[in-house]
Amino acid sequence: MAWNRRTWMTLAAALGFLAVAVGAFAAHGIADPKAKEWLRTGATYGFMHTMATFACATFMNIGARRARFAPAFFLSGTAVFSGSLYAMALGAPRWLGAITPVGGTLFLIGWAVLAWAAQDVDRTA
């Protein structure tokens, strides 16, 4: 699979779907308060970063070509951050939470890349 705009927008849409489904499951299908909290947090951050991925397409359309690098960080951050929280909520060992901050770091890198890319918006030649 090629890492292009179509691919990352498709992945973002799939992860957005998953975030909504997980959020609904947290609200209606889980009794444990800690598991609910993990699912809600994972869904919130996952959805937020799927939207950030879609924003990258807009950035690219208005001249910020370097925005093409940010989705890799947003989507991998979602997989690691949200995925580890989802897994723990569903019974995975708590030590898995040690990798959650890696996902958060990937989010931060994605935002830094997007800020770097924004420097090309409205740039006069």
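**Entry 1: H3 against H4**

I looked up the crossing of H3 and H4 and noted it as left-handed (the near helix is turned anticlockwise from the far one by less than a right angle; clockwise would be right-handed). The model is predicted, so I kept to its limits: local features need pLDDT of at least 70, side-chain atom pairs count only at pLDDT 80 or more, and totals for chains, interfaces and linings use all residues. Residues are numbered from 1 along each chain as its sequence is written, and side-chain values use heavy atoms, with hydrogens and water left out.

H3 covers residues 70–89 (helices are DSSP runs of H or I with at least four residues, strands are E runs of at least two, and both are numbered from the N terminus). I read an angle of about 160 degrees between H3 and H4, with the axes 7 Å apart (axes are lines fitted to C-alpha atoms, for helices over the stretch in contact; angles run from 0 to 180 degrees between N-to-C directions). H3 and H4 are therefore roughly antiparallel (over 145 degrees; under 35 is roughly parallel, 65 to 115 roughly perpendicular, the rest oblique).

I then listed the residues in contact (heavy atoms within 4.5 Å). From H3 they include Phe73, Phe74, Gly77, Thr78 and Phe81. From H4 they include Gly103, Gly104, Phe107, Gly110 and Trp111. By class, the contact of H3 with H4 holds 13 nonpolar, eight polar and no charged residues (Ala, Val, Leu, Ile, Met, Phe, Trp, Tyr, Cys and Pro are nonpolar; Asp, Glu, Lys and Arg are charged; the others, Gly among them, are polar).

**Entry 2: H2 against H4**

I turned to H2, residues 33–61, and H4, residues 100–118. Their axes come within 12 Å and cross at roughly 20 degrees, so H2 and H4 are roughly parallel to each other. This crossing is left-handed. On the H2 side I noted Tyr45, His49, Ala52, Cys56 and Phe59, which meet Phe107, Trp111, Leu114 and Ala118 of H4. The contact of H2 with H4 counts eight nonpolar residues, one polar residue and no charged ones.

**Entry 3: H1 against H2**

I found H1 at residues 5–28; its axis and that of H2 come within 8 Å and cross at roughly 155 degrees. That makes H1 roughly antiparallel to H2. I noted the crossing of H1 and H2 as left-handed. The contact of H1 with H2 has 18 nonpolar, six polar and three charged residues.

**Entry 4: two residues of H2**

Is His49 buried or exposed? I found His49 in H2, and it is buried, at 2% relative accessible area (buried is under 20%, exposed over 50%, partly exposed in between, with a 1.4 Å probe and protein chains only). A polar atom of the His49 side chain lies 2.8 Å from the backbone oxygen of Tyr45. Beyond the neighbours within four places in sequence, His49 is in contact with Phe74, Thr78, Phe107 and Trp111.

I checked Thr53, also found in helix H2. Thr53 is buried at 0% relative accessibility. A polar atom of the Thr53 side chain lies 2.9 Å from the backbone oxygen of His49. Not counting residues up to four places away in sequence, Thr53 touches Trp8, Ala12, Pro71, Phe74 and Leu75.

I looked up Ala117, a residue of H4. Ala117 counts as buried, with 0% relative accessibility. Residues up to four places away left out, Ala117 touches Ala64, Arg66 and Ala67. Its C-alpha atom is separated by 8.9 Å from that of Phe69, 48 residues apart along the chain.

Asp120 is in the segment after H4. At 18% relative accessibility, Asp120 counts as buried. With neighbours within four places set aside, I found Asp120 in contact with Gly63, Ala64 and Arg66. The C-alpha atoms of Asp120 and Arg66 are separated by 8.2 Å, and the two residues are 54 apart along the chain.

**Entry 5: the whole chain**

How many helices and strands does the chain have? I counted four helices and zero strands, in the pattern α-α-α-α along the sequence. The C-alpha atoms fill a box of roughly 60 × 25 × 25 Å, taken along the principal axes. Of the 125 residues in the chain, 38% are buried. Among contacts with a separation of 6 or more, residues 24 or more positions apart account for 73%.

Conventions
A polar contact is a pair of N or O atoms within 3.5 Å; within protein, one must be able to donate a hydrogen and the other to accept it, and residues adjacent in sequence count only if both atoms are side-chain atoms.
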